[in-house]
Amino acid sequence: MCGIVGYIGKEKNALNILINGLKALEYRGYDSAGIAYFNKNKIITIKEKGKIEELEKIIDYSIESNIGIAHTRWATCGDATKINAHPHSCGKITIVHNGIIENYDDLKEQVKKDNYKLISETDSEIIAVLLNKYYEEYNDIIKAIVKTKQIIKGSYAIAIICADIQDKIYAIRKDSPLIVAKNENASFIASDVPAILNYTNKYMILNENEIAILTNENIVFLNDSLQPIKKKILTFEGNTIDAQKGHFKHFMLKEIFEEKDIIKNLIKKYNTIEKLEKKLGFLTKYDNITIIGCGSAYHVGIIAKYLLEEYANIPVNVEIASEFRYKNNFLNKKSLAIFISQSGETADTLASLRKIKIKSVDTLGIINVQESSIAREADKVIYTEAGPEIAVATTKAFIAQLIIMILITIYLGYKNNIITRDLLIELLTNINNLDKYLNQILNNSYKEIAKKIYQAQNIFFLGRNIDYGIALEGSLKLKEISYIHSEAYPAGELKHGTISLIEENMPVISIITKDNIFDKTISNIKETKARGSFNIVISNKEVNDSDVNILIPNINSILQPILAIVILQIISYETANLKGCDIDKPRNLAKSVTVE
Ligand code: F6R
């Protein structure tokens, strides 16, 4: 959600570096873009509505500059227009901002009294106005930054340049990520690591209440009392290839194909009882678990609830983070709160974590992005190690989250004497062998199925128990990238109202991986068929009542959700591809949702 890039260096190709940085952050989602740079002692700002290519049409790359800031905006306050695009300027100050300034209405009224004129509809412009106001008052940029920080409320990552100071970029942040990096020739800031990977894989995290001051020689970090502080230097373990499509048409497809290797690498760290004890032993002391997340991460929670309750006999509550943060909860000293997040920066999930920590409830983050806010703030973290996920719609991170939850389930099931030692070892072996089954799936083409559904207006996904969790994720995947409306329902619930929507030829996609409810789901499929639906069934046994039956390899039922969901991911991909959708960057969506 929005992307920031800043560059200051010895080389004078700032425009190139900034635009390439923005392109590396495109996956975050945006609808306008802009840059500001120094040229002939002046700050020049160029911005445009739409894709970065639109901005490039009005950029003259022959212009030399060694300092600049750049931004991709995902509209929140104010439409996606050129005027609302960042950077925003006031007087000598130019800024780019990610996040939301919650008190901007009040602040606007106040600065209007001082005769400041605001030209955009954004909340962000007020930051430039305040910085300029206090810079004029104190003639000291640091004092102006400190004062502005005290006044603005909400979330922000902000990069600042000042017309009087041509050799520095300043940065601050709160509840919105920002990394800072340095190589021998330059310093960089960015919302995420891919923006700087062409120049260095070493980076530092700017923390809340700190100020970063970048020059081409060094980076100084000041703490809350404006004292210089040392920073831990982190190394990005992936490489630039991870952030490229390779021979795949889309990142999403590449990421689906990476899933088998991610599982193989993960399981190496958990493939013996000793390793499980070491990594997950701390989990045995809890009586109950609450899982909190948004979107697909929430769906992992739903599937995990069914798994943990059945195979580990532990009560599990699953909460949507945006709801959880504003409601009462009954977690206590015997509860564990698990926060699932790919980005580790999702505003609602982070706020829920902070809410729970006040109650001294133990917290565990299941996180993909190393050193992200949730990873740092949770008491414990398990990394999903899926590598950078570029496509907005999650696939490989979802699978890695599910694998971790399956490992937690089977370990706790073993400790609670529900899963025998032999079964545990068999399950670990089968997780290790999942790549064979996934290869079978990936070798199939689901294009024919996509052809049957891509013109549909509405699609239902049905399942019971774990299969309902899979249905939820299959439905979300399809609607977010193909824009086909779909709904997931617990199969038995449909007849309590929603079945009235079934029409002749409406596709209904059902998932059946659980043997004990096989016949029950079949009955529900028959109910829709009797009303004319076109039934696609993903199951581990043949289903005669289906129009299309996709059989999944018959492995332990606890692992079958993995296979079913990969099939649904590919069907969604092929359907969106047939429709010619912008698969990696679906309209209106952002990868890392850092606002409420
Ligand atoms: C769907 C999707 C979103 C995310 C959700 C949470 O494909 O990607 O629903 O799962 O925004 O994001 P994280 O996992 O970063 O907290």
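Colleague: Which backbone does an oxygen atom of the ligand sit 3.1 Å from at a polar atom?

Modeller: The backbone of Ser296. That is a polar contact (a pair of N or O atoms within 3.5 Å). This is a predicted model, where local features need pLDDT of at least 70, side-chain atom pairs count only at pLDDT 80 or more, and totals for chains, interfaces and linings use all residues. Residues are numbered from 1 along each chain as its sequence is written, and side-chain values use heavy atoms, leaving out hydrogens and water.

Colleague: What about Ser341 and the ligand?

Modeller: An N or O atom in the Ser341 side chain is 2.6 Å from an oxygen atom of the ligand. For Thr394, a polar backbone atom is 3.0 Å from a ligand oxygen.

Colleague: How much of the ligand does the protein cover?

Modeller: It covers 89% of the 410 Å² of accessible area that the ligand has on its own. Accessible areas come from the Shrake-Rupley method with a 1.4 Å probe.

Colleague: New topic. How do helix 8 and helix 16 cross?

Modeller: At roughly 170 degrees, with axes that come within 8 Å. So helix 8 is roughly antiparallel to helix 16. That label needs an angle over 145 degrees. Axes are lines fitted to C-alpha atoms over the stretch in contact, and angles run from 0 to 180 degrees between N-to-C directions. Helices are DSSP runs (H or I, at least four residues), and strands are too (E, at least two), numbered from the N terminus.

Colleague: What kinds of residues make that contact?

Modeller: Nine nonpolar, four polar and two charged. In helix 8 they include His299 and Tyr306; in helix 16, Glu473 and Lys477 are among them. Contact means heavy atoms within 4.5 Å.

Colleague: And helix 12 with helix 18?

Modeller: They pack at about 170 degrees, axes 11 Å apart. The contact has nine nonpolar residues, one polar and no charged. Phe398 in helix 12 and Gln569 in helix 18 are among them.

Colleague: Where is Pro87?

Modeller: In the loop between strand 4 (67-73) and strand 5 (88-90). The peptide bond from His86 to Pro87 is cis, with omega near 0 degrees. Most peptide bonds are trans.

Conventions:
Angles under 35 degrees count as roughly parallel, over 145 as roughly antiparallel, 65 to 115 as roughly perpendicular and the rest as oblique. Ala, Val, Leu, Ile, Met, Phe, Trp, Tyr, Cys and Pro count as nonpolar, Asp, Glu, Lys and Arg as charged, and the others, Gly among them, as polar. A polar contact is a pair of N or O atoms within 3.5 Å; within protein, one must be able to donate a hydrogen and the other to accept it, and residues adjacent in sequence count only if both atoms are side-chain atoms.
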